[in-house]
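Biologist: I would like to learn how to read a model like this one. Can we go through it feature by feature?

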Amino acid sequence: MTEEEIHLRDYLKVISKHKALIFLFLIVTMIVVIFGTLSTTPQYMGTTSVMIEKAASNDLTSRYSYNAYDPEFYETQFQLIKSMEVSKRVVELLSLETTYDSYMGKSEKPGKIAQLKDIVKGFKSKLLAYLKPAPETDGEGSALEPLSRADILAAQINANISVSPVKESHIVSIQYASPNPEFAALVANTVAKAYMELTLDMKMEATRRTLAWMTEKAEEERQKLDAKEAELQKYMRSSDLVTLENRLAVIPQKLTEISTQLVRAQSKRQKLESLYKKVDQVANQPELAESILGVTNDNTLQTLRDQILKSEQNIRELATKYGAKHPVMIKAKGELETLNNKKESEIKRLISLVKNEYELALADERNLEKQFSQSKAEAQNLNEKFLQYNVYKREMETNRQLYDSLLIKLKEQTITGETQPVNLWIVEYANAPRAPFKPRTMVNLLLGFVVGLFGGIGLAFFVEYLDQTVKYPEETEQMLKQPILGVIPKLKDKGQNPDKAMLTMTRSGIAENFRSLRTSIMLSSSNQPPRKILVTSVNAGDGKSTTAFNLAVAIAQSGKQVLLIDCDLRKPRLHKILGTDSDKGLSTYLAGLSKTDILARNEIDNLTFIPAGPIPPNPSELLISDNMDYLFDQMLQKVDFIVCDSPPLQAVVDARILAQKCDGTVLVLRAKETTFDAARKSLKQLEDVNAPVLGLMLNGIELKKDDYYYESYYGSYSEKPQHS
């Protein structure tokens with residue numbers, strides 16, 4: 001069998017176990033649902049369909065593309081529809097302060113069980129009155145004025161308005177619930193109208209505020225612009241900047257020209273200065289000045305030199321013909337002398353001319369330097385003034401641009417101010433509904449059944465979770481990691497006593513289970529079965545004495561010699577089951593008071609019984625003595641098996657002492673009483689003393705005919721177990 005099948009069976013087992021609780025929870029849930037459904041006033045839903053679209057941008061100067069997708073836009077519209085302002089407008093439009101009662105008078109008669117509803121309403125009113133908070137006060141402790149009837153009606157209207165968008169469309173359903181179908185449709189239609197009016201009024205109010213603000217702001221900016229213009233004009237007059245821009249354009253050009261002329265004058269002056277220095281040195285020596293480049297290149301001087309050369313040549317030619325005193329020779333020499341005088345005069349004139357040109361060039365250079373310095377200073381002064389001028393002008397232009405922008409926006413707002421910010425159309429008006437939308441009787445009943453059923457199942461599993469006692473063999477075996485040797489069901493008939501089940505109910509299922517316990521113990525070891533068997537329990541009342549007696553009888557009925565010893569020296573019970581006295585027995589033997597005659601009379605074949613004897617003051621000291629070991633050794637020579645009954649593990653240490661001396665221990669657990677924690681603690685105590693544990697015996701399990709284990713324990717027996 002797979003793990004999934006085991007889990008499913010466990011679930012079904014829990015459900016079957018708590019089916020009464022599940023059924024009770026289901027019935028209570030169904031009663032509550034039926035009661036609530038029948039006591040609910042029928043509600044009618046009026047629905048108006050409105051198409052809402054985000055209007056395109058009406059900004060005349062906008063350069064941005066229009067985007068209709070805006071997730072927050074529709075949620076904003078939904079909140080506006082459900083706002084108190086819309087509800088107040090509905091009250092005002094329908095004059096509900098005077099007509100509301102007449103509309104409610106048209107509502108259908110409430111419910112199917114009017115008297116029950118009246119009782120519920122009366123109880124609800126009293127409860128609300130009791131729970132009603134103290135009246136609100138202002139900061140000084142005075143009570144605030146009560147709400148008007150219009151405010152109360154608006155709150156009622158608002159509470160019943162719902163908005164739901166139609167998927168994949170711009171259609172929105174405005175719904176209103178009311179006991180009166182005509183009133184539901186009327187309010188739904190009026191809510192749509194009130195919403196449209198509110199949207200337009202909000203836009204108009206925003207436009208008015210915007211226009212007022214922009215007008216005021218434009219006037220402020222105009223005044224600032226006027227002030228900046230006046231400030232600029234005043235500065236221009238004070239700084240003589242009327243032709244500032246023209247002068248700023250001329251002065252750089254003038255500076256460039258003067259700079260060029262100055263460079264040329266400096267070059268000319270330097271050239272003339274060099275020539276001047278040379279001619280100044282030979283000013284009194286004309287013959288040396290003639291060799292200077294600037295003088296010798298003169299055309300007049302060149303002509304005179306040519307004439308002198310010709311005159312000298314003519315004299316040489318005449319000298320060959322005439323004598324020195326010849327008039328022709330004298331005339332020729334006179335002409336030569338005249339030419340030399342002219343040349344000397346010309347050289348002096350050229351020297352004087354070089355000096356004059358140098359002095360003039362020097363004067364021009366100085367004059368240009370002065371002009372350049374003046375123009376440069378003027379340019380710097382104008383630049384400083386122009387910087388301040390630009391500051392004033394920039395401030396003025398900024399104010400002008402802002403003022404112009406405000407004027408444009410103001411005119412634009414005036415034109416577009418009355419346009420609708422949202423495109424609204426009523427697609428379908430609400431009509432009076434013919435049937436109420438709630439209560440939905442069949443849906444409520446089905447839902448109540450589902451909730452009741454699964455809630456009951458959940459409650460069953462919760463109760464099962466809280467119950468930590470042992471209940472079922474497989475669960476116990478899994479949780480405690482110990483084999484289940486046998487299961488004893490709880491008897492149904494209180495008149496039957498399970499103490500002697502092996503003697504009085506031989507054909508019953510409980511007797512067969514004791515036989516199964518005997519078989520499990522006999523097969524617990526592969527070599528030989530344990531001969532000394534201890535039967536103990538976790539707590540008192542778990543059924544260890546009954547188990548010990550019936551186990552001993554079951555082994556005896558198999559033909560084996562069995563010794564049954566009542567080792568419970570604190571609250572012995574086996575002698576009562578056998579109907580013998582306990583004047584002497586195990587306690588007297590262990591104390592050394594009686595070595596013989598400790599066996600009690602017994603009519604059961606193959607069974608020998610040693611009662612507990614008188615209760616000693618120190619049971620554990622007696623059980624741990626060597627006399628106990630000696631008794632076991634002596635009796636094992638006469639019998640095949642010894643079955644010992646002992647006190648519970650949780651009460652005293654006696655059971656742990658005996659567990660060390662025995663070959664195996666059977667731990668008895670009582671269903672629905674012994675917890676897993678207590679069982680684990682008991683097994684841990686046995687483990688601490690190295691006591692061999694044969695397994696567990698479950699006692700008092702409640703089995704029913706539809707229980708999973710019922711057929712396993714009762715199916716083949718005609719005699720059914722009875723309650724005890």
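Modeller: Start at the surface. This is a predicted model. In it, L446, F449, V450 and F454 form a nonpolar patch, with about 400 Å² of accessible area together.

Biologist: Where is L446 found? Is L446 buried or exposed?

Modeller: L446 is found in helix 14, residues 441–466. Exposed means over 50% relative accessible area. L446 has 56%, so it counts as exposed.

Biologist: What about the protein overall? How many helices and strands does it have?

Modeller: The protein has 25 helices and 11 strands. Of its 724 residues, 39% are buried. The accessible surface comes to about 41900 Å², and carbon and sulfur atoms hold 54% of that. Now take contacts with a separation of 6 or more: 81% of them join residues 24 or more positions apart.

Biologist: How do I read a pair of packed helices?

Modeller: Two packed helices are described by the angle between their axes and the distance between the axes. Here, helix 17 (residues 509–522) packs against helix 18 (residues 544–557) at about 75°, and their axes are 9 Å apart. Angles of 65 to 115 degrees count as roughly perpendicular. Helix 17 is therefore roughly perpendicular to helix 18.

Biologist: Which residues of helix 17 and helix 18 make the contact?

Modeller: Helix 17 contributes F514, L517, R518, I521 and M522. Helix 18 contributes T546, T547, N550, L551, A554 and I555.

Biologist: Next, salt bridges. How many does a search of the whole structure find?

Modeller: The search finds 11 salt bridges. The cut-off is 4 Å from nitrogen to carboxyl oxygen. E197 and R89 form one of them, with the closest N and O atoms 3.9 Å apart. E197 lies in helix 8 (residues 181–238) and R89 in helix 4 (residues 84–94), so the pair ties together parts 108 residues apart in sequence.

Biologist: Is R89 buried or exposed?

Modeller: R89 is buried, at 16% relative accessible area.

Biologist: Which residues do salt bridges with shared partners join into one network?

Modeller: That network consists of E85, R89 and E197.

Definitions and conventions
Residues are numbered from 1 along each chain as its sequence is written. This is a predicted model: local features need pLDDT of at least 70, side-chain atom pairs count only at pLDDT 80 or more; totals for chains, interfaces and linings use all residues. Side-chain values use heavy atoms; hydrogens and water are left out. Patches are made of residues with over 30% relative accessible area and no salt bridge: like charges are joined within 9 Å, nonpolar side chains (Val, Leu, Ile, Met, Phe, Trp, Tyr) within 5 Å. Accessible areas come from the Shrake-Rupley method with a 1.4 Å probe; for residues, only the protein chains shown count as cover. A salt bridge is a side-chain nitrogen of Lys or Arg within 4 Å of a carboxyl oxygen of Asp or Glu. Helices (H or I, at least four residues) and strands (E, at least two) are DSSP runs, numbered from the N terminus. Buried means under 20% relative accessible area, exposed over 50%, partly exposed in between (1.4 Å probe, protein chains only). Axes are lines fitted to C-alpha atoms, for helices over the stretch in contact, and angles run from 0 to 180 degrees between N-to-C directions. Angles under 35 degrees count as roughly parallel, over 145 as roughly antiparallel, 65 to 115 as roughly perpendicular and the rest as oblique. Contact means heavy atoms within 4.5 Å.
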